[in-house]
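Please load the model in your viewer and keep a selection panel at hand.

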Amino acid sequence: GAACGVTVARMDRERRGRLRCLLAGAVFAVCMAGTTLPTPLYGLYQEKFGFSELTVTVVYAVYAFGVIGILLLAGNASDTVGRRPVLLWALGFAAASAVCFLCATGLGWLYAGRLLSGFSAGLCTGAATAYVMDLAPPGGEARATLVATAANMGGLGCGPLLAGVLAQYADRPLYLPFAVHLVLIAGSAAVLARLPETVADRG
């Protein structure tokens with residue numbers, strides 16, 4: 001009886017660990033989707049604001065500067081302050097980026113949105129990968145690695161897919177993708193609030 005109880009308790013812990021690992025992966029995917037969401041929309045922005053192909057390259061460069069800057073300043077912040085606070089900041093930057101695109105009336109908004117998106121990606125990538133690994137049940141490290149990789153790559157791929165489909169078949173193509181992403185970010189923040197912190201000694 002006692003052995004059976006221990007087995008059931010272990011199985012329950014493993015199920016909870018797998019679910020938490022998947023939920024953290026979903027948060028990771030939502031965050032990364034925001035970084036590629038504008039990609040299929042640049043042609044529409046070019047028509048709207050009348051900028052050149054070179055400007056599109058500069059917009060991409062601004063994103064890269066954001067990623068590099070935040071990695072240099074806070075690349076391992078989640079090891080000190082905890083996974084959840086850093087991921088909440090990443091979601092906050094993603095939301096601010098979406099708002100910039102929603103409010104875009106000129107090129108400056110696109111620069112700001114891409115810079116904030118770079119901040120989000122720089123914070124999220126390391127913290128979310130570590131968080132998924134932390135939440136994995138004992139012996140589930142290989143599966144957690146797969147979840148983290150799938151969330152990262154899947155999120156990057158789903159961003160253009162979501163924006164492209166909405167731009168093709170829905171009204172207001174420069175607004176609806178970012179509104180949908182804001183809803184997903186809000187849901188991710190709610191999920192994150194229910195997941196446990198995995199860094200015990202926080203500064």
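Begin inside the fold, where this predicted model holds 2 cavities of 30 Å³ or more. A cavity here is a set of points, on a 1 Å grid over the protein atoms alone, where a 1.4 Å probe fits but cannot get out, and lining residues have an atom within 4 Å of a point. Grid points are joined across faces, edges and corners, and a volume is the space filled by probe spheres set on the points. Because the model is predicted, local features need pLDDT of at least 70 and side-chain atom pairs count only at pLDDT 80 or more, while totals for chains, interfaces and linings use all residues. Residues are numbered from 1 along each chain as its sequence is written, and side-chain values use heavy atoms, with hydrogens and water left out.

Select Cys31, Gly34, Thr35, Leu37, Ala94, Ser97, Ala98, Ser117, Ser120, Phe178 and His181 to display the lining of the largest cavity, whose volume is about 60 Å³. The elements that give two or more residues to this lining are helix 1 (2-36), helix 5 (83-102), helix 6 (107-135) and helix 8 (176-194); helices are DSSP runs (H or I, at least four residues), numbered from the N terminus. Coloured by class, the lining shows 5 nonpolar, 6 polar and no charged residues, where Ala, Val, Leu, Ile, Met, Phe, Trp, Tyr, Cys and Pro count as nonpolar, Asp, Glu, Lys and Arg as charged, and the others, Gly among them, as polar.

Which residues line the second largest cavity? Select Arg18, Cys21, Leu22, Ala136, Pro137, Gly140, Arg143 and Val147, which surround about 40 Å³ of space. Helix 1 and helix 7 (141-169) each supply at least two residues of this lining, and helix 1 gives the most, with 3 residues. The lining of the second largest cavity has 5 nonpolar, 1 polar and 2 charged residues.

Now switch to a surface view and pick Ile68, Leu72 and Leu73, which make a nonpolar surface patch of about 390 Å². Such patches are made of residues with over 30% relative accessible area and no salt bridge, with nonpolar side chains (Val, Leu, Ile, Met, Phe, Trp, Tyr) joined within 5 Å and like charges within 9 Å; accessible areas come from the Shrake-Rupley method with a 1.4 Å probe, and for residues only the protein chains shown count as cover. Leu73 belongs to helix 3 (residues 53-74) and, at 77% relative accessibility, counts as exposed, a class that means over 50%, with buried under 20% and partly exposed in between.

Next, centre on Arg172 in the loop between helix 7 and helix 8, where phi is near 55°, a positive value in a residue other than glycine. Most residues other than glycine have a negative phi. Arg172 is exposed, with a relative accessible area of 56%.

For the last stop, select Asp79, Arg83 and Asp134, which are linked in a network of salt bridges, each being a side-chain nitrogen of Lys or Arg within 4 Å of a carboxyl oxygen of Asp or Glu. The count by this rule comes to 2 salt bridges. Between Asp79 and Arg83 the closest N and O atoms are 2.7 Å apart, and between Asp134 and Arg83 they are 2.8 Å apart. Asp134 lies in helix 6 and Arg83 in helix 5, so this pair ties together parts that are 51 residues apart in sequence. Arg83 is buried, with a relative accessible area of 9%, whereas Asp79 is partly exposed at 45% and Asp134 is partly exposed at 33%.

How values were computed: On a 1 Å grid over the protein atoms alone, a cavity is a set of points where a 1.4 Å probe fits but cannot get out, and a pocket is an open set with protein on both sides within 12 Å along at least five of seven lines; lining residues have an atom within 4 Å of a point. Buried means under 20% relative accessible area, exposed over 50%, partly exposed in between (1.4 Å probe, protein chains only).
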